[in-house]
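Subject: Structure for you to look at

Hello,

Here is the structure I said I would pass on. Please look through it first, then read the notes below.

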Amino acid sequence: MPPILSFLEREPQDWAATAVFALIALFLSRFADALHRQSTDIRQERVRLERLYLTSRDILLIDRGAEIGPQLTRLIESIFKAEAVALWDAREAKMDKAGSGLIAEDEVQAIYFGELSENDVMACRFKHVLRLGTRPVGALYIAGYASDGFLDSRSADAIASLAAIALERSHSFLAEANAEIARRSGQLRSAMLDGLAHAFKTPLATIQTASEGLLEIPHLSATEMELASLIEGETVRLASLTNKVLETAELEEANFRLDREKIALDEFIEGCSIAFASIVNEGWLVTLQKSKIDYVWADRRLLQMALLQIVDNAVKYARPEAAITLLVESTDSEIVFSVQNEGSYVEPKDRLRIFDRFYRSSEAQYKAAGTGIGLTVTRRIVDAHEGRVWVDSTSDERTTFFIALPQIQKGQSHGRNTEQSSYR
């Protein structure tokens, strides 16, 4: 059939115009297609950013009083329209799921232990090990999404980062809550001990006075004298324990006052030797001084109390008739007091814990009577002075406790200085 319409060009300029028109039409078509794709990408990016914003916002609003796992999985499932979300918390060893899809628990754990990070956009499977820095803290598995949902590799990576931060934030909140509970428990315990110790002092004084009166009665039999002496000895021991409890309660206050002063070391050591006479037999205490510094900046009463606790501990666990050596040395920045005894050994695993309240190593429990309070008092006093306390023990049964206090800094006043300590 002949054509209904015909188009005939004979002139060269007509051919040129037609070619230009075709090129322009092709260019405009490609340009319109690019704009359409760009518009689609912009809409998808806007949706992605909006959902990531909602995720990060709602993570900040997560209920701190409830478990983090169920809330986080429900949040991801609802915002990104996922079919199934599974979260493995490595610290709690706990799995949480949300959505209607099925995810095997072993498969999620394998992501964590294998440290996998895979994004299969075509199959809608996103697997990520959750890291905080370089440390893995859990695993996240997102499977599928609804027709109105949208999830790509970048979104999955961002969700994994947010989930890791949320887990660590939850653990931090839990640690903070536990620390606050421990602090309040310690305050309550200290208050109770303080009240009991004060309540004990009056009857103890009465019992001690009565026992001393019994010992003064003439013509007591040997058995009666032994019983009266036993009463007096145990009363003195109980009174000493009561005083230690009161000292510990005082030192555990959030703020207590340090009465710092410039103390001459020679005078201080001589005063300590006199104070230690009641617990150290004559000739047992050997004092040495190799310090280039003649003074220390400290609270005289508290420093002497700290040394008394260490000397008392050294006497309890020393070999009979063995000398107790008190040595004072100085370094470029510290004054170091050391107390050494012979006949005791502290296991490496116990060298930090023995400064905890009421802690006693298994060997010490059967070697000498004690309460586990004295070294706690020492540590708190040293902490208040911004110093250090530690113990060293050798296999030949030589144990040395050290107290290191900072020297006076240049420009620091040499007069008396009363300050508040706010250590923990």
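Helix 7 is mostly covered, with 13 of its 18 residues buried. Buried means under 20% relative accessible area, exposed means over 50%, and partly exposed lies in between (1.4 Å probe, protein chains only). Helices (H or I, at least four residues) and strands (E, at least two) are DSSP runs, numbered from the N terminus.

This is a predicted model, in which local features need pLDDT of at least 70 and side-chain atom pairs count only at pLDDT 80 or more, while totals for chains, interfaces and linings use all residues. Residues are numbered from 1 along each chain as its sequence is written, and side-chain values use heavy atoms, leaving out hydrogens and water.

Back to helix 7, which covers residues 300–317. The expected span of a helix is 1.5 Å times one less than its number of residues. For helix 7 that gives 26 Å, and the end C-alpha atoms are 26 Å apart, which agrees. At the start of helix 7, a side-chain oxygen of Asp299 comes within 3.1 Å of the backbone nitrogen of Arg301. A polar contact is a pair of N or O atoms within 3.5 Å; within protein, one must be able to donate a hydrogen and the other to accept it, and residues adjacent in sequence count only if both atoms are side-chain atoms.

The chain as a whole has nine helices and 13 strands. Of its 424 residues, 38% count as buried.

Next, the salt bridges. A salt bridge is a side-chain nitrogen of Lys or Arg within 4 Å of a carboxyl oxygen of Asp or Glu, and the count comes to 12. One of them joins Arg91 and Glu168 (3.8 Å, N to O). Arg91 sits in the loop between strand 1 (82–89) and strand 2 (94–99), while Glu168 is in helix 4 (residues 153–216), 77 residues apart. Glu168 also forms a salt bridge with Arg135 (3.6 Å, N to O). Arg135 belongs to strand 5 (residues 135–145), 33 residues from Glu168. Is Glu168 buried or exposed? Glu168 counts as buried because its relative accessibility is 18%. Arg91 is partly exposed at 48%, and Arg135 is partly exposed at 40%.

Glu342 and Arg398 form a salt bridge too (3.0 Å, N to O). Glu342 lies in strand 10 (residues 334–342) and Arg398 in strand 12 (residues 398–406), so the pair ties together parts 56 residues apart in sequence.

Regards
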